[in-house]
Amino acid sequence: MPVSQLKILGRVFEAEIEGRIFQPSKRNKLILDLLQIGAVEQVEFNISGHFKVHVKGFALTHSGRFTYCEWASRQKEPK
């Protein structure tokens, strides 16, 4: 998998850890490629309250999470 795709997986992983969903500024080819190979999935849900809000974004699949974590564990930490 190209490093550019792994970096996008990292951004999706960070969003997951922070308790949010990843919403790219635009639907670029990288996120569509990751969607096609099954590393991410499109998620959407409604938030009810005073106003109803419909939220769309991307989340990691198990495959994407394992792929990213394996790649990240092999990277050297900066000193």
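**The nonpolar core**

Tutor: In this predicted model, the largest nonpolar core has 15 residues. Those with the most contacts inside this core are Leu-9, Val-12, Phe-22, Ile-31, Leu-34, Val-40 and Leu-60. At least two core residues come from each of helix H1 (3-17), helix H2 (29-37), strand E2 (53-60) and helix H3 (62-73). H1 gives the most, with 6 residues. In soluble globular proteins, nonpolar side chains tend to be buried together.

Leaving aside residues up to four places away in sequence, Leu-60 touches Leu-9, Val-12, Phe-13, Glu-16, Ala-39, Val-40, Glu-41 and Arg-65. Among these partners, Leu-9, Val-12 and Val-40 are also listed with the most contacts inside the core. The contacts of Leu-60 also take in the charged residues Glu-16, Glu-41 and Arg-65.

Now the chain as a whole. The secondary structure comes to 3 helices and 2 strands, and along the sequence the pattern is α-α-β-β-α. Of the contacts between residues at least 6 apart in sequence, 49% join residues at least 24 apart. Buried residues account for 30% of the 79 residues. The C-alpha atoms fill a box of roughly 45 × 30 × 20 Å along the principal axes.

The chain carries 12 positive and 8 negative side chains, with the centres of the two sets 6 Å apart.

Note on methods. Residues are numbered from 1 along each chain as its sequence is written. This is a predicted model: local features need pLDDT of at least 70, side-chain atom pairs count only at pLDDT 80 or more; totals for chains, interfaces and linings use all residues. Side-chain values use heavy atoms; hydrogens and water are left out. A nonpolar core is a set of buried Ala, Val, Leu, Ile, Met, Phe, Trp, Tyr and Cys residues joined through side-chain atoms within 4.5 Å. Buried means under 20% relative accessible area, exposed over 50%, partly exposed in between (1.4 Å probe, protein chains only). Helices (H or I, at least four residues) and strands (E, at least two) are DSSP runs, numbered from the N terminus. Contact means heavy atoms within 4.5 Å. The place of a charge is taken as NZ of Lys, CZ of Arg, CG of Asp or CD of Glu.
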